Amino acid sequence: MTATAQDRTTNAPMRVSEEVRAALAEGRPVVALESTIFTHGLPRPRNLEVALEGEAIAREHGVVPATIGVVDGVSVVGMTEEEITRLSRTENLLKASVRELAYANVHGLSAGTTIAATSYLAVRAGIDVFATGGLGGVHHGADKTFDESADLVALSRTSFILVSSGAKAILDISATLERFETLSVPVVGYRTLSYPGFYVADSGFTLNQKVDTPEQAADLLLTQRALGIPAGINLANPVPLDEQLDTAGFDDILERAWADAERDGITGQATTPYLLDYIRVATEGRSLDANVALYRNNIALASQVATALVERS
């Protein structure tokens, strides 16, 4: 589908760009891109540079990019360059998961959308493939705080392919993988059985599924749909080896980051950007370089998977 009847109303809470609508209607490949990577994940001015570069990479692969965010309360699938620029330069922007979408609309707020919200809006518009950097998961100490990302639930009930480089390094990777198993979400390595560690190619955890081509990834999604399986596919694509982070002393950095977050009273959705920024400063920007490298790589792969899906439709 390209849009619902509600989407076409004047005051609709969701807008799909004409370019994205046309591509979907004509059976051309489209890749969804989230907005929190440039509203909350990357420092200025590099955030805008990466956002626009991400769209350019998709276009170089013959794919229409659909950057998703909330602009003045309206959930937008296929933001304009002006809208991306505006949100990338706005301080203290709302970070919207699915639960905040209606709230943002009622109050006319702009927001960056998380993986959960982006995937919800993408699939509602008819987009099957979504490229991101790292995804949310189970936080350390979740046995006491119950701090788990809504990204996990989104993947369990939304039929799409998410190309990522593993859960963010600040998370409890073992617990995150266990939750994916419980939620029946397949975690599939791309040309690897090692689960990526976000900044590094190998987290030390092993997978039991992999695919070697974009076509196989596309076939996985189509087969799940034919079987009536509601979950999405978490396609785990490692950061290129020559661009991964040297993790010497990384555990100490992470331990200090958590200690400072606790000291400063950082909780909930504010935790991830706080910790990632701490790591960026502590690694003198090397973690940021790895983050950008894996994001570029994931958009390229997602574009290939989206093309394969269209060819099989």
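Strand β1 (residues 14–16) lines up with β4 in the parallel sense, with 3 bridges between them. Keep in mind that this is a predicted model.

**Around strand β4**

- β4 covers residues 74–77, with V74 and V76 pointing one way and S75 and V77 the other way.
- Whichever way they point, V74, S75, V76 and V77 are all buried.
- β3 and β4 make a hairpin with 2 residues between them.
- D72 sits in that turn and has a positive phi of about 50°.

**Where α11 meets α12**

- Helix α11 (residues 250–263) and helix α12 (residues 271–282) have axes that come within 10 Å and cross at roughly 135°.
- That angle is why α11 counts as oblique to α12.
- As for handedness, the α11 and α12 crossing is right-handed.
- Sorted by class, the contact of α11 with α12 brings together 11 nonpolar, 1 polar and 3 charged residues.
- From α11, the residues involved include F250, I253, L254, W258 and R263.
- Across from them in α12 are T271, Y274, L275, Y278, I279 and A282.

Conventions: Residues are numbered from 1 along each chain as its sequence is written. This is a predicted model: local features need pLDDT of at least 70, side-chain atom pairs count only at pLDDT 80 or more; totals for chains, interfaces and linings use all residues. Side-chain values use heavy atoms; hydrogens and water are left out. Axes are lines fitted to C-alpha atoms, for helices over the stretch in contact, and angles run from 0 to 180 degrees between N-to-C directions. Helices (H or I, at least four residues) and strands (E, at least two) are DSSP runs, numbered from the N terminus. Angles under 35 degrees count as roughly parallel, over 145 as roughly antiparallel, 65 to 115 as roughly perpendicular and the rest as oblique. A crossing is left-handed if the near helix is turned anticlockwise from the far one by less than a right angle, and right-handed if clockwise. Contact means heavy atoms within 4.5 Å. Ala, Val, Leu, Ile, Met, Phe, Trp, Tyr, Cys and Pro count as nonpolar, Asp, Glu, Lys and Arg as charged, and the others, Gly among them, as polar. Buried means under 20% relative accessible area, exposed over 50%, partly exposed in between (1.4 Å probe, protein chains only). Two strands pair if DSSP finds at least two bridges between them.
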